[in-house]
Amino acid sequence: MSLASQNSFEMPLMEHSNTPVGRRVSDSIPEMEDAENRITYSLGRPSNEYVLFLLLKFRDPNINRYIFRPLPISFLIERMSRDSDGPILAMDVLKQAMRFKTLKISSVRPRSAASFNNFSNSYLFSLGYNLNLALVPIRQSDEILRSYRIRRVRRTNQSELVAPRKQYHPDLVYHYQLGISADIPALEYLSFYHVIEHFFEHIFNEDIVSRIRDKITSESFSYKRDRDIKDLIKMAISNRSFAEDSVNVSESEALRLTLLKFIPSPGPLADLINEYDESLLEYYANTEVPFCKGRRVDFRNLESFHKNLASRIYSTRNAIVHSKDGDRSKYTPFKDDLALLKELPVLRFIAEIIINGSAQVM
């Protein structure tokens, strides 16, 4: 999403601020000059070149509404006229309607895109440190297109809404709301994961009880035979870990069992994913998660589907949560966001299936 030449660089930014003051601060940050490196930083409305770049990149008017605020042109012109005595140009109106700001860096001497990225990271950290202002780069078009795609899947107009007919578990709704409101991919992923893991212990224990019941009611089982008793013990403690007074279930196995319970067949989930983005099913089947080597998932192969999907989700979750220096499977914010964005649709749809599947009819 950045526009760069040898002497200039421009990148769109999303603003995250926990106070209204943050937005006023970002509107008044002055241009900064680094005399030693002979570069200049400026933050504000996009340049004419960048507006044209976006218009050429996103020609669908349904997508453009996620780039430009739906404000009446007459309102924008009237507001701009109060601050200007000259003519109001169409390009200036478009820049006022843009939903995000851009960081512009100009350099006297030629620089590489990697060099400009390093300078932009330093600038954004400086603003965060000194002004408590979080400006996050929009690095990929998928960050803009996600809202458009999910609304296309839903196909619901406001006039078509009906009163809910189910009661949903409040904890699941809270995590889901956090997920759909999050602008940070990692937070969104973990929020949807929390929905899925809510039933881990219950479903895991339910599976163990069922398997033990089947074992002891089998004609081949004898309580007088030591081997049969030992098999029961192994079954009871399998996929569990013991530490002092606590007993923990295997989270990866509990995830697999949860997927198996709520999504016995991959078909409905595959249909949702395909409607959202036709390229994703092939991507999941042929591509590991780059930053954690999460397994490939073939939605047409029922035999391996639940195991591989659970592994892909769990590996991604661990890479986000655990970020020790030296870890091979480690998610790096912003750097790995494009890869993580591709994992979000499947997790969101799974969370929605679980919320619906665990709800009670009113």
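**Exercise 1.** In the predicted model, determine the handedness of the crossing in which helix 15 passes helix 16, and classify the orientation of helix 15 to helix 16.

*Solution.* 
Step 1. Helix 15 passes helix 16 in a left-handed crossing.
Step 2. The axes of helix 15 (residues 302–321) and helix 16 come within 12 Å, and their crossing angle is roughly 120°. Helix 15 is therefore oblique to helix 16.
Step 3. On the side of helix 15, the contact involves Leu309, Arg312, Ile313, Thr316 and Ile320; these meet Leu340, Glu343, Val346, Leu347 and Ile350 in helix 16.

**Exercise 2.** Classify the orientation of helix 8 and helix 16 to each other, and state which residues meet.

*Solution.* 
Step 1. Helix 8 (residues 170–181) and helix 16 (residues 337–357) have axes that come within 11 Å and cross at roughly 155°.
Step 2. Angles over 145 degrees count as roughly antiparallel, so helix 8 and helix 16 fall into that class.
Step 3. The crossing of helix 8 and helix 16 is left-handed.
Step 4. From helix 8, Leu172, Tyr176 and Ile180 meet Arg348, Glu352 and Ile355 of helix 16.

**Exercise 3.** Is each of tyrosine 50 and phenylalanine 53 buried or partly exposed, and what is the geometry of their pair?

*Solution.* 
Step 1. The ring centres of tyrosine 50 and phenylalanine 53 are 5.4 Å apart and the planes lie at 50°, so the pair is tilted.
Step 2. Tyrosine 50 and phenylalanine 53 are three residues apart in helix 2 (residues 48–57), which means a separation of about one helical turn.
Step 3. Tyrosine 50 is buried, at 0% relative accessibility, whereas phenylalanine 53 is partly exposed, at 23%.

**Exercise 4.** Identify the ring over which the charged end of lysine 342 sits.

*Solution.* 
Step 1. The charged end of lysine 342 sits over the ring of tyrosine 283, 5.1 Å from its centre.
Step 2. Tyr283 forms one aromatic cluster with Tyr284, Phe299 and Phe305.

Definitions and conventions. Residues numbered from 1 in each chain as written. Predicted model: local features only at pLDDT ≥ 70, side-chain atom pairs only at ≥ 80, totals over all residues. Heavy atoms only, no water. Phe/Tyr/Trp six-rings, centres within 6.5 Å; stacked < 30°, edge-to-face > 60°. Helix = DSSP H or I, 4+ residues; strand = E, 2+ residues; numbered from the N terminus. Buried < 20%, exposed > 50% of the residue type's maximum accessible area, 1.4 Å probe, protein only. Lys NZ or Arg CZ within 6 Å of the ring centre and 35° of its normal. Axes fitted to C-alpha atoms, helices over the stretch in contact; angles between N-to-C directions. Parallel < 35°, antiparallel > 145°, perpendicular 65-115°, else oblique. Left-handed = near helix turned anticlockwise from the far one by under 90°. Contact = heavy atoms within 4.5 Å.
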